[in-house]
Amino acid sequence: MLIGASLMVSAASAQIVSQDESALVYYSPQTAISLDFSYTVESYERGIYAQYAESLLGIHDVVTQNKTTYCLNNVRIGTSTSVDYTRAHKVTADAGIPMLLTINEKGLLVGYNMTADEQPTRKPEPRKPAEPKKEEDGPMPLPEEVLNAPTLAAQAQAAAKQIFHIRETRMYLINGEVEHAPADGLSMKLVLAELDKQEQALIALFTGKKTVLHKHERFTLMPDKEQELFFFSEENGFTDGENVDADTIQVSMNATRQQLAKPQETNKKKKTPELTTLVYNLPGSCAVAVNYKGHEMAQRTISVAQFGVDVPLAKDLFTGATLPVIVFSEKTGNIISITK
């Protein structure tokens, strides 16, 4: 079906211009809705000595079981632009106006009578700064006393003893009560940081670990439906509708299609302006709202190119000693500005 549709589009495109015909062809843009969901993944890992955290270290807040939870935070409604190959426009040499069109690499009209300096340039997408790589925690170098302990309770006691020993060592360093102290402030800082790292790794054996990841999920929708549904659960994140624990994300789309009014009756003596084959697109719109768990996460009204109509420009605009400079929107096909 896709191959057949592609061949039909190719055939339609091939029939726009006849052999030996002098013409320029451009297309109208097509708008899609882009949804960028951000969510958080929290992973909890139980410590192997969790049951001894309160009795040996006096810690009450510990991870009691391994689990992963997902939390949907927000969504950003945007647009993406492609080419609508069903709406082709041809400007021929006998159209009565100079063929000074600026057509981009996609085939979209972006300007008329524009100099090289005036032509729009595609701005490179800003690169997200690389996040610093988090060093993975390697295996904890446990002392021999912990490794050789015969039972889990004995191992926990040995690990707690090591924690207290690290704390004493840190206190002696801070108070200057060690025989071989670090040579300078930087060395002292590094030694204390290493002691803190070892202590936290040992404490994690009792309290467990919590890891937080921030992720994104992106969807692209065509605004030709009234509603689209997605599903999100705290146990699995984005999932399908068969998951009974999932909550529904409802995307509502209320489209407004542009329509041309019927021509009004005018005085027959008044001359009707002659039109050109150069047309711009007067876009329609779509109100998009995203609802989750009974509240609205985001809403936005966007311009939709394919819901628009073609409006021809009058020949009178191109008369005179100076031709107009027209800038067209690549996203909607509408006119941005006309100057002379």
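**S329 and the loop between strands 11 and 12**

S329 is located in the loop that connects strand 11 and strand 12, strands being DSSP runs of E with at least two residues, numbered from the N terminus. This is a predicted model, in which local features need pLDDT of at least 70 and side-chain atom pairs count only at pLDDT 80 or more, while totals for chains, interfaces and linings use all residues. Residues are numbered from 1 along each chain as its sequence is written, and side-chain values use heavy atoms, without hydrogens and water.

S329 is buried, with a relative accessibility of 16%; buried means under 20% relative accessible area, exposed over 50%, and partly exposed in between (1.4 Å probe, protein chains only). A polar atom of the S329 side chain lies 3.2 Å from the backbone nitrogen of K331. Beyond its neighbours within four places in sequence, S329 is in contact (heavy atoms within 4.5 Å) with L109, N334 and I336.

An open antiparallel sheet is formed by four strands in the order 3-4-11-12, where two strands pair if DSSP finds at least two bridges between them. Strand 3 (101–103) and strand 12 (335–339) are the edge strands, each pairing on one side only.

Strand 11 (residues 325–328) runs antiparallel to strand 12 and is joined to it by four bridges. Within this pairing, V327 stands opposite S337 of strand 12.

**Cysteines**

The structure contains zero disulfides, a disulfide being a pair of cysteine sulfur atoms within 2.5 Å. C71 is partly exposed at 43% relative accessible area, whereas C286 is buried at 0% relative accessibility.

Definitions and conventions:
Polar contact = N/O pair within 3.5 Å; in protein donor to acceptor, adjacent residues only side chain to side chain.
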